[in-house]
Every structure is written in structure tokens, then in C-alpha cells.
Amino acid sequence: MFRTAAATFSVFVSLAVGAADAANPLVELRTSAGAVVIELYPDQAPLTVENFLKYVNDRHYDGTVFHRVIPGFMIQGGGFGPDFSERPARKPVRNEAANGLKNDTGTIAMARTPDPHSATAQFFINVADNESLNFRFPTQEGYGYCVFGKVVKGMDVVNRIVKVQTGPGPAGHQNVPVKPVIIESARLIAATAKPAAKK
């Protein structure tokens, strides 16, 4: 008998997020520019990782685009289709940017509005060490952007995406790839062992 998607995901979350000694989950983003594998950090950002994996499990990211690409900064996606139709999102997740993780090159973080606790489905991958995005203070100006994982394979693909030609897009969007860069699928593929704790 087949498990429902919800039941399967519930079992996964209890294993991947709840257990302190569980391996870190890996998610593969298959894009029109190539594949990118991201290791997630549920110990440091449990709410954010759980939120991201729910969107992955729901196939929310399939067919979305990287709609904002800025060289020397980041690539952002996860919210719009190629025609800039916005995907429906769930309730925002609490900002966990004070987790000690930095917006360094290759990390993945949640995008949000000026409200620190407004992140839903959109994310970005840093292509530089973006210190200005890090947590400083628990205020609207100082909260920063929550890092919850890092690219472990396919950074060459990320660097290829950040070099595409961009221009203005619909509804006032800027830095939009002229030729859409599509996230064809996002799938949980495996888990990687965590480093041994230091004695």
C-alpha cells in the first residue's frame, strides 16, 4: 500500500529534522542550466529547513524560475513561473538568521520583505560573501537573512546562471534573465553524514 505524500514527509521530517544525530538532508535543484545540490542544516535552522522541505515535497518549485539575478551578489528564485505568475505560498516562517550561519559564497538563504519574519517560499543563493545580509541585531534593520544550507555540488551552474543577460521584467521587476532560467524540479535525494562533534 502506498503512503500518502503527507505521511511520507512527516516520517522524513521526524528523521531528518527531529533527531540530533540525523544526517543533513540534500536537495537537488535540476535547472535549465544544470543541476545544483544543496545540503541543508536542520540543527541551525530547523523551522526554515522544515518550511523549505515542505515546498520541495509539494513540488512547489517545479517550473519556477530564477527571477532575480545580480552578478557579485546572488540569484533568487522559487516564487514565480516563467510568465511571472506568482505561486501560492503558506504562512511565513520565523526568521532564524541569528543561528551563526553567514551569507557567504555558496550559501542558500530565505528571501523576504522588509518584515524580518515574512519569508515564505522564495530563496536565494549567494555568489559572494554578503556580510551586509548577516544578522546583527533583533530589529527590523538588523535581523538579516536566514542561511539554512549550502551548495555542495553545482556551484559552476550557479556561476553560469549569474552571468546570464538580464533586463527589466513584468510588474516592475528588475535584473530578470532575458532567457528564463527554469527550476525544472527540486527533490530530496539523500542525506549526508554530519561532521563528528569536536571533543
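Arg30 is partly exposed, with a relative accessible area of 43%. This residue belongs to a predicted model, and its place there is strand S1, which covers residues 24-31. The chain as a whole has three helices and 10 strands, and 47% of its 199 residues are buried.

**Overall fold**

- Along the sequence, the elements follow the order α-β-β-α-β-β-β-β-β-α-β-β-β.
- Among contacts with a separation of 6 or more, 69% are between residues 24 or more positions apart.
- The accessible surface of the chain is about 10200 Å², and carbon and sulfur atoms contribute 55% of that surface.

- Strand S1 is largely enclosed by the rest of the structure, because seven of its eight residues are buried.
- S1 pairs with strand S2 (residues 34-40) in the antiparallel sense, over six bridges.
- The two strands S1 and S2 make a hairpin, with two residues between them.
- Within this pairing, Ala35 of S2 is the bridge partner of Arg30.
- Ser185 is 155 residues from Arg30 in sequence, yet the two C-alpha atoms are 5.2 Å apart.
- In regular strands, side chains alternate between the two faces of the sheet.

**Salt bridges**

- The structure contains four salt bridges.
- Side chains of opposite charge can pair when their charged atoms come close.
- Glu28 and Arg30 form one of these salt bridges, with 3.1 Å between the closest N and O atoms. Glu28 counts as buried because its relative accessible area is 17%, under the 20% cut-off, whereas Arg30 is partly exposed at 43%.
- Lys54 and Glu50 form a salt bridge with an N to O distance of 3.7 Å. These two residues are four residues apart in helix H2, so about one helical turn separates them. Lys54 is partly exposed at 32% relative accessibility, and Glu50 is partly exposed at 24%.
- Asp62 and Arg187 form a salt bridge whose closest N and O atoms are 2.9 Å apart. This pair links distant parts of the chain, 125 residues apart: Asp62 is in the loop between H2 and S3, and Arg187 is in strand S10 (residues 182-192). Asp62 is buried, with a relative accessible area of 18%, while Arg187 is partly exposed at 28%.

- Arg112 is located in the loop that runs between strand S5 (107-110) and strand S6 (123-126).
- Arg112 is buried but has no salt bridge, and the nearest side chain of opposite charge, Asp115, is 6.6 Å away. That pair does not count as a salt bridge, because the cut-off between a side-chain nitrogen and a carboxyl oxygen is 4 Å.
- A polar atom of the Arg112 side chain lies 2.9 Å from the backbone oxygen of Gly144.
- Beyond four places in sequence, the contacts of Arg112 are Asn95, Ser118, Ala119, Tyr143, Gly144 and Tyr145.
- Ser118 is in the loop between S5 and S6, and counts as buried at 15% relative accessibility.
- The side chain of Ser118 has a polar atom 2.7 Å from the backbone oxygen of Asp115.
- With residues up to four places away left out, Ser118 touches Pro92, Arg112 and Thr113.

- Most residues other than glycine have a negative phi.
- Arg59 has a phi near 65°, a positive value in a residue that is not glycine. Arg59 lies in the loop between helix H2 (46-57) and strand S3 (64-70), and is partly exposed, with a relative accessible area of 42%.
- Phe84 also is not a glycine, and its phi is positive at about 65°. Phe84 sits in the loop between strand S4 (74-77) and S5, and counts as buried at 15% relative accessibility.

Terms used. Residues numbered from 1 in each chain as written. Predicted model: local features only at pLDDT ≥ 70, side-chain atom pairs only at ≥ 80, totals over all residues. Heavy atoms only, no water. Buried < 20%, exposed > 50% of the residue type's maximum accessible area, 1.4 Å probe, protein only. Contact = heavy atoms within 4.5 Å. Areas by Shrake-Rupley, 256 points an atom, 1.4 Å probe, with all protein chains shown as cover. Lys, Arg positive; Asp, Glu negative; His and termini not counted. Polar contact = N/O pair within 3.5 Å; in protein donor to acceptor, adjacent residues only side chain to side chain. Pairing = 2+ DSSP bridges.
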